Amino acid sequence: MTSNSMRRSFLGAGLLLAITALPTSAQDLSGNEVRGTAISGQWQEAQGVVTRGPDGKVIFLYGEVQPSMVCSPLQVCDIELQPGEIVRDVLVGDTVRWKVEPATSGAAGAQTMHLIVKPSEPGLETSMVVTTSRRTYHIQLKSHQSQYMARVGFDYPEDVNARFEEINARMEASIVPGAGVPADQLNFAFSASGNAGWKPTRIYSDGMKTYIQFPSAISGRDAPVLFVVSGGENRIVNYRMNGTMMVVDYYIDQAILVSGAGSKQQKITIRRGG
């Protein structure tokens, strides 16, 4: 082969390599590929909510955006996962210039996993995927000459929902049957005198209605008749039975519950304020 032929051969090979190594920006993408990269870019570059947690921890809301963690050479960045979460795999785009090491904190049986991230030099950017027993984390890693995030953690939507459910459960536990309002908004200053097998176990009012709770023994039998004492007279007011609860559409000062007649009559007197 002549020197000119060899030169043409090397030039052709170089041209082939150059074409093969065209940057992504010069490659043709399909419509779906363009749309897909745009969607992914929006998620990666979106400005999510970042808040301050305990001990200066940077808190991201999990799943909102792809969190970006800034680290610095000769410093360590700590990614703290959810207590009890077990790490399955850690995959880093640049495994040569980024090091990720595991660590744990907390007592045995309730440990928290930590990922300690260290870049070798500033000006680096890569991505990391962490799979755990509960979820998958997609995290951007960037290195800066001096700035870094010492601690990073997450708030989890399911934890927020659980806290709301706990609060709602406590509120519901404080709701007194019948009235539908918390106990601290009710007046329990009522007394009941007299003897009867159905004597009320609890009487309270929300300021508009009065609620008279009877023992379970009243179920399946006729409820007593209620008379409200007003102006020295016994008057009938609207009331209804809801199971063992008598709901009276009146704020009672004094009332009488009567059951039976003659020698078998039973009577209970109710007074507000004792």
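Two strands are taken to pair if DSSP finds at least two bridges between them. Helices (H or I, at least four residues) and strands (E, at least two) are DSSP runs, numbered from the N terminus. The structure is a predicted model, in which local features need pLDDT of at least 70 and side-chain atom pairs count only at pLDDT 80 or more, while totals for chains, interfaces and linings use all residues. Residues are numbered from 1 along each chain as its sequence is written, and side-chain values use heavy atoms, with hydrogens and water left out.

The chain has 3 helices and 19 strands. Of its 274 residues, 29% count as buried, where buried means under 20% relative accessible area, exposed over 50% and partly exposed in between, with a 1.4 Å probe and protein chains only. The accessible surface of the chain comes to about 16,900 Å², and 52% of this belongs to carbon and sulfur atoms; areas come from the Shrake-Rupley method with a 1.4 Å probe. Among contacts (heavy atoms within 4.5 Å) with a separation of 6 or more, residues 24 or more positions apart account for 58%.

Strands of a sheet pair through backbone hydrogen bonds, either parallel or antiparallel. An open sheet of 5 strands is found in the order β11-β19-β18-β14-β15, with antiparallel pairing. The edges are held by β11 (190–193) and β15 (233–235); each has a single partner strand, so one side of each is left without a neighbour in the sheet. Neighbouring strands of this sheet are turned by 25 degrees against each other on average, direction ignored, with axes taken as lines fitted to C-alpha atoms (for helices over the stretch in contact) and angles running from 0 to 180 degrees between N-to-C directions. Strand β14 (residues 225–230) pairs with β15 in the antiparallel sense over 3 bridges, and V229 stands opposite N234 in β15.

Strand β17 (residues 245–248) runs antiparallel to β13 (residues 210–213), to which it is joined by 4 bridges, with I212 opposite M246. Strand β16 (residues 239–242) is also joined to β17 by 4 bridges and runs antiparallel to it; here N242 stands opposite M245. A hairpin is formed by β16 and β17 with 2 residues between them, and G243 in the turn has a positive phi of about 70 degrees. In a regular strand the side chains alternate between the two faces of the sheet.

Aromatic rings of Phe, Tyr and Trp (its six-membered ring) pair if their centres lie within 6.5 Å; planes under 30 degrees apart count as stacked, over 60 as edge-to-face and the rest as tilted. The count comes to 9 aromatic pairs. F60 and F154 form a tilted pair, at 6.4 Å centre to centre and 40 degrees between the planes. This pair links F60 in strand β2 (residues 58–61) with F154 in strand β10 (residues 151–155), 94 residues apart. Both F60 and F154 are buried. The ring centres of Y62 and Y156 are 6.0 Å apart with planes at 40 degrees, so this pair is tilted. Y62 lies in the loop between β2 and β3 (68–71) and Y156 in the loop between β10 and α3 (157–174), so the pair ties together parts 94 residues apart in sequence. Y62 is partly exposed at 22% relative accessibility, whereas Y156 is buried at 3%. One aromatic cluster is formed by F60, Y62, Y137, F154 and Y156.

A charge sits over a ring if NZ of Lys or CZ of Arg is within 6 Å of the ring centre and within 35 degrees of the ring normal. The charged end of R135 sits over the ring of Y62, 5.3 Å from its centre. R272 lies over the face of Y251, at 3.9 Å from the ring centre.
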